[in-house]
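Subject: Structure handover

Hello,

Here is the structure I promised to pass on. My notes on it follow below.

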Amino acid sequence: MTGNLVEIRNLRVEATTDAGRRVEIIKDVSLDIAEGEIVALIGESGSGKTTIAMTLMGYTRQGCAIAGGEVRVAGVDMVKLSEAERARIRGTRVAYVPQSAAAAFNPALTIMDQVTEVARIHKLMSAVEARAKALSLFKALSLPEPETIGNRYPHQVSGGQLQRLAAAMALIGQPKVVIFDEPTTALDVTTQVEVLRAFKAVTAQHNIAGIYVSHDLAVVAQIADRIVVLKDGSVQETGTTSQILDDAQHPYTRELLAAFRPKAQQRGPECEETTKRPLLQVDNLTVGYGPRLRDGQPLISVVQAVSLELDRGRNLGIIGESGCGKSTLARAIAGILPAYAGDIIFDGRELGKAGRGRTRNELRQIQIVFQHADTALNPAKSVEDILRRPLTFYHGMSGKARDTRVSELLGLVHLPKSVRHRLPGELSGGQKQRVNFARALAAEPTLILCDEITSALDTVVAAAVVELLKELQRELGLSYIFISHDLSVVEAICDEIIVMYRGQKVEEITPARLTAPQHPYTRLLFSSVPKLDPAWLDNLEQNADAVRAYCRQ
Amino acid sequence: MKRQVTSLAVRRLLIALITLVIVSFAVFFATALLPGDTATILLGQSATPEAIEGLRKAMHLNDPAIVRFLRWMAGLIQGDFGTSYANNVSVANLIRGRLANTMKLAGLTASIAVPLALTLGITAAMWRGTLYDRIVTVATIGIISVPEFMIATLAVLLFAVYLRWLPALSFTNEVKSFYDLMRTYAMPVVTLTIGVSAQMIRMTRAAVVETLNTPYVEMALLKGASRPRLVLRHALPNALGPIVNSVALSLSYLLGGVIIVETIFNYPGVAKLMVDAVSTRDLPLIQTCAMIFCLGYLTLITAADIIAVLSNPRLR
Amino acid sequence: MTKSTSPGRLGVRFGYRFNLIGLSALAIILLWGGVAVFAPHIIPHSVGEIVDTDYFGPMSRDLWFGSDYLGRDIFSRILMGARYTLGISLAAVSIACFSGVALGMTAAVAGGWLDSILSRFLDALNSIPSKLFSLVVVAAIGSSIPALIATLSVIYTPGAYRFARALAVNVNTMDFMVVARIRGEGLPYLIASEILPNILGPVLADLGLRFVFIVLLLSGLSFLGLGVQPPYADWGALVRENIGGLPFGAPAVIFPSLAIASLTICVNLLIDNLPRKIRDRSAE
C-alpha cells in the first residue's frame, strides 16, 4: 500500500451507443483520496462525475464498461475483481448514498429492514447489534423519533429524513469510503442545511473518507477538503477547496465560478409614471383541487387568497420551496388551472378564470414557458413545425412570410438556422429551452410566465438563458413573472419578489431590501442559500424556532 | 389505511358487477337480436307462418327486447337457465356434469402450470441475458405465436403417433384406475399447460425484469446483495401485483384453450357442449355457457385486482 | 477495446438500425403477402382438382406437400388459403385498430363523461374471452366472410382502444399538450397533430400483435368448423379437413399448421426486432 485509501489511475470507461459504437465517456482520469478526506467531483450533467464515483464499487450502469485503468480501494483493484468479490466489498468497504433516497428505498420493506440489510448480507453482526447500531446512527444523524422511525415504510417519511436514513444505511457497515451522489440536490434549501450538517458531523466523527458528487460549488465548498473539476469525462483542475474557490487556474473552472456569481439586474429608472394602470393585477386568487366547499373554497387549496400587481415592462419574481403553490399560481394566471375565487385583471380587463373563457387575443398576450423543455416540446415535431404553429394560429401567417419569421425567432434566441429541421430530442438542454422560449415569443405576448425555466439547466447554461431573457426584454419590452426556488436567479432579473409558503404570500420585497427581510420564513429561506464561502455552514446560525416551524426536514 | 384498502376492494367488486351486467347485455343482444329468427330456426324453413307465429307467442318473442332481457336475467339469477332448443332438456341438466369435467381439466392444468411458469419466469428474469433466459424467451414466443390446435396436433403426433405412449383421444367415462386417469388427461392437460405456461412465463418475466430496473434494486446491488437476493427479496414483493395479474390473465387463456382442446380430444366438458350448441344454434345453451365462462373470467380478474390492492405496501 | 465498429454494418442505413432476424421475418411476411395476392397465378394445380389417386399422400416431386383427404394438392390449397387467412385478418385488424385508436385518442383528450362511458363499456366487452365472444357472434350471424371480418374487428376493437387510450393519456399529461390547449387549439388538432405522431410507432407494433391474435382466432374458428366455410378454405380449415390424417402423421395436417406458425412467429419476431431509430448525437 502506498498510503492513499483510494487511488484511481488512468481510468477509462466506455459506453455503447444505440448504433453499437463504443464511445469513451471517461478519459484517462486519475485521482487520490486519503483516509478521512472528502473529495468533491464537480461538473455539469454528462461530465462523468457519477460514473467515476461508481467505479469505486466496480460498478458501471447498463451499457457502460470499464475499459482500462485501475481503481484501487485500500490496495485492492476493483477493476480486476470478480463480481462475487466486488459484492463482498460493497457495503462493507465502500458504500453509496444515492441522489434520490425516495427512489432508492424499496417501498415494500420497512426502513429498519433496509438499513440493517448490509449487516445481514455480509454477516457483520447479530440482528440485535445491527438494530442498536442503526439506532445510534439515527441519533447521530439527528433524525426525529430514532426509536420508531425504523418501523415505518419509506413513503411514510419525508424526503430530507429519507436522505439521512440513506446515509445511515451506507454507514452501518463501517465503510472506509462513502460515495455521496448529489445527496442534497433533490432537497429544498432549508432542508439541505440540516442534511449537510448531519453528513459533515458523521463523516468527521467516524473518520470516513468520501467522494462527494455535485454540480453545486457552494454546497461542495461546505463539505469537501479537495475539489476535482470535471468536464466531458476528463479532469480539468484539482486543488484544495480554497485553491479552487479563490485561485482557479483553468478557464472552465473560472467560467463555473462566474456563472455562480450572477450580475445583479441593472435596473431602469424607478417607475416613471405611477398613474399608469398595472399590466396585471391579481386579487385574492384561490386555487385548488376537489369539490367546492360551501364557503366557495376548494377541498384542497394550493394557493390561498394571493394578490399581486405587475407594471408593464417590469418583472416579478415568485419564490418558495417545492409545494408552496408558486407553479399553481402561474397556471391559474395562465388559465390552465381555473381559480376557485379571486380576480385576474389583465391590461384593465378581467380575464376568464379558465383558458376556454378567454379570447384568442387574450390567450396570445400571456404565454407560459415550462421548466422541462423535454416535455414542453412535442418530441415528434421538428423545431420548424413547433414555431410555425403559433404563427399560423395567432397571426394567420403562411408560406414565405412565416418561414422568414421562424428564422427571425431563431435569431432572437441565438440559435443557428441549422436547428430548424431537427427534432427536440436532437438538441441540447439549453437549446431546447431556447426553442421553448422562442415558441412563446412567436405569439408576440406582453407577459411571459417563466416557470422554473432555468432549474433543469446546468449553471453556465442557465446563466446564459437569464442573460438572453434580459436582452429580449430590452428589445421587445416584455414583462416577466419569474417563478423559481433559486433566489440568485430571481435576484438577477426581478424588480420585485413575492415569497410564498404553503400557498400563502408571506412577504413582498424589492431586491434593494433583500438583505433585510421581515418575515421569519423569508429570513430562514434566504439564510439557507449556500454561499461560496467554505466557512458558511459552520458559521451559520439560524433561528431554531423558525427552523422548527417552517422546515419540513 | 385499512379503510382505504376495504373501500378499494369493494370498488373493484362493484366494477366487476357492472361489467358482468354489461357483458350479459352484450351476450343476450348478440344472440337474441341479431338477424336470424329463433322460431324459424326451431321449426325449419318449411314451417307455416301460423306455426311460427304461435311459437313466437309461446316464447314471448314478440315482447320488446328489454323485457326479454330482464326476464332472462331474472331467470339466470334464480338458477333457471332455460330449455335447450335442440333436445328440450333443461340447460341446467345439460351443463351440470360437463361443468365438473371442465373444472377438473382446468384445475389440473392450473396446478401444474402455475408453479412451473412462476419458477421459469422468475428464474429467467434472475439470470436475464444468459443462454437459459434466451432459450426460455424464444420458446415462449414460439408457443404463444401458434394456435392451440397446433400444439395439440404436435403433441398427438409426438406422444401418440411416434412414441405411442398415449391414446390420441380421451374418454373420461372409461377411467378405472390412476393409470387410466393419467392416460386420459395427459394429452389435454399437456396441451393446455404448454399454452398457459408460455403466457404466464412471459408476463411474469416482464414484471420481474421491470422491477429489477428500479433504483432500489440498484441500491441493493450496491449494498452487496446477490442476484437471488435482489430478485427474491427486493423485486418479487413489488412485482407481486403484476404477477398475480399475469397469472389470472393466463388462466383466463385456459378458457380459450379448453374450447379447442375439448373439441380436439373429444372431451365431454362445457366448452365442447358450447361448440356443438353453436353448430346447432341452440341459443339458450350458448347464452348460459357464455355467461359461465365470463363469470369465471371476471372472478379471476377481480380476485387478482383485489390481491394486487392488498399487496401494495403503500396501502398497508 | 476496439474503438467504434464501422457504421457500414448490416442494416445501418438512413439513420435506422435493423437486424438480421427482423429483416428475415419481414421477408417471410412479404413473401406470404405476395403469395396471397398472386395465388391464382402461381398454384401448380387447381385447388379443387383431384390429382392423387391416394389420399393423405406423401410429399413428392409433383405434390410438394403431399395430398389431402380427397387427393387434392395441399401445396396449392395452402397458397390459396393464404388469401383467406391474410385477407380476412388484415381487413379485421385494420378496422379494429382504426376505430380503436380513433376512439382511444378522443377519449383521452376529451376526458370527462365521454371517456368514462366509452372506457367502462369497451372494457366490459374486453372482458369477454375472445374465443367465446366469437362463438356467440358466429352463432348469431353465421360465418360468411363479411360476418367473420365484422366479428373479428368488433372483438379486437376494445383492446386497440385500451392500448391507444393508455398511450394517449400519457402524452396528454405532457406540457406540450398544456401549451397547445392554452393556445386555444381544438380537439381535432390536438388529436391529429400533437398526439398521433407520438403514439404512431407503438400503435403500429400493436397492430402487428393484434394481427397475430386475429390470425390465431380465425384459424381456431375455422378449425372448429365455425370459420371460413367450404368450398373456400383458410389454413385453419385445411387443418380441420385433414385432421383425419393425424394418426398417420400425414403432411396434409402438418403443413397448414406450419404455414400459420411461420406467419405468426415472423410477425412477432418482426415486432421484437423493429428497426430502431439511432439517436447517436456524438456521431453527428
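First, a definition: helix axes are lines fitted to C-alpha atoms over the stretch in contact, and angles run from 0 to 180 degrees between N-to-C directions. Helices (H or I, at least four residues) and strands (E, at least two) are DSSP runs, numbered from the N terminus.

This is a predicted model: local features need pLDDT of at least 70, side-chain atom pairs count only at pLDDT 80 or more, and totals for chains, interfaces and linings use all residues. Residues are numbered from 1 along each chain as its sequence is written, chains are lettered from A and ligands numbered from 1 in the order in which they are written, and side-chain values use heavy atoms, with hydrogens and water left out.

Helix pair in chain B

Helix H5 (residues 91-126) of chain B crosses helix H11 (residues 270-280) of chain B at roughly 130°. Their axes come within 7 Å. H5(B) is therefore oblique to H11(B). (Angles under 35 degrees count as roughly parallel, over 145 as roughly antiparallel, 65 to 115 as roughly perpendicular and the rest as oblique.) Contact means heavy atoms within 4.5 Å. From H5(B), the contact uses B:Leu94, B:Ile95, B:Arg98, B:Leu99 and B:Thr102. They meet B:Val270, B:Ala271, B:Lys272 and B:Leu273 in H11(B). By class, this contact of H5(B) with H11(B) has 6 nonpolar, 1 polar and 2 charged residues. (Ala, Val, Leu, Ile, Met, Phe, Trp, Tyr, Cys and Pro count as nonpolar, Asp, Glu, Lys and Arg as charged, and the others, Gly among them, as polar.)

Chain C

Chain C has 9 helices and 2 strands. Along the sequence, the pattern is β-α-α-α-α-α-α-α-α-α-β. The C-alpha trace of chain C spans about 75 × 60 × 30 Å along its principal axes.

Helix H3 (residues 112-126) of chain C packs on helix H5 (residues 145-172) of chain C at about 135°, and the axes are 9 Å apart. So H3(C) is oblique to H5(C). In the contact, H3(C) uses residues including C:Leu118 and C:Leu122, while H5(C) uses residues including C:Tyr161 and C:Arg162. The residues of this contact of H3(C) with H5(C) divide into 5 nonpolar, 3 polar and 4 charged.

One peptide bond deserves a look. C:Pro230 and C:Pro231 are joined by a cis peptide bond, with omega about 10°. C:Pro231 lies in the loop between helix H7 (187-223) and helix H8 (235-241) of chain C.

Interfaces

Buried area is the accessible area (1.4 Å probe) that two parts lose on being put together, summed over both. A salt bridge is a side-chain nitrogen of Lys or Arg within 4 Å of a carboxyl oxygen of Asp or Glu.

Chains B and C: 42 residues of chain B are in contact with 37 residues of chain C. The two chains bury about 3400 Å² between them, 81% of it on carbon and sulfur atoms. The count here is 1 salt bridge. B:Glu148 and C:Lys131 meet in a salt bridge through their side chains (2.7 Å, N to O).

Chains A and B: the area buried is about 2200 Å², and carbon and sulfur atoms give 56% of it. A:Pro107, A:Glu117 and A:His155 supply 22% of the area that chain A buries against chain B, more than any other three residues. The rule finds 4 salt bridges across this interface. In one, the side chains of A:Glu117 and B:Arg229 meet (2.8 Å, N to O).

Chain A

A:Asn10 lies in strand S1 (residues 6-16) of chain A. Phi of A:Asn10 is near 45°, a positive value in a residue other than glycine.

Best wishes
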